Amino acid sequence: MGTFNVTIEVAAGPDSPGERIRTLAGTGQMYSSVPAAILRRLGVEPTGRRTFVYPDGERVERDIGWPVVRVEDAERAHPSLVVFGDDDSEPLLGTLTLTMCGLEVDPERDELVPLTAYLPGIRVEAAA
């Protein structure tokens, strides 16, 4: 599996002005991350903090928030949990945002495809 670039649009809310950002996408990233300076400039407010662990084991705390995100040129934008990244960090598109937008990564072709969503549960046959 490789990684590839995807353009997203991020805004503070559905009627707020947004900004188009090139992000790195792949299947290994759960959370989307956008440099904090961009999120703050757009008016996205942190709603909490979470602890994250780097591959080398270092733990860091980062603000999180819920901007509205449009992936590529999708018809609709959706709220998504996004990490306020370091100002010099590369924006990342994570699987949580993709799922919220009804998309997933096709790891064989390194592209986004419609999400195959499954409903858990037991189907009950109607009585005749």
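Tutor: The discussion below concerns salt bridges and the exposure of their partners. This is a predicted model, in which local features need pLDDT of at least 70, side-chain atom pairs count only at pLDDT 80 or more, and totals for chains, interfaces and linings use all residues. Residues are numbered from 1 along each chain as its sequence is written, and side-chain values use heavy atoms, with hydrogens and water left out.

Student: How many salt bridges are there by the rule applied here?

Tutor: A salt bridge is a side-chain nitrogen of Lys or Arg within 4 Å of a carboxyl oxygen of Asp or Glu. By this rule, the count is 9. Among them is the pair Glu19 and Arg41, with the closest N and O atoms 2.7 Å apart.

Student: Which parts of the chain does the pair Glu19 and Arg41 tie together?

Tutor: Helices (H or I, at least four residues) and strands (E, at least two) are DSSP runs, numbered from the N terminus. Glu19 belongs to strand β2 (residues 18-25) and Arg41 to helix α1 (residues 36-42), so the pair ties together parts 22 residues apart in sequence.

Student: What is the distance between the closest N and O atoms of Arg49 and Glu61?

Tutor: For this salt bridge, the distance is 3.1 Å. Arg49 is in strand β4 (residues 48-53) and Glu61 in strand β5 (residues 59-65), 12 residues apart.
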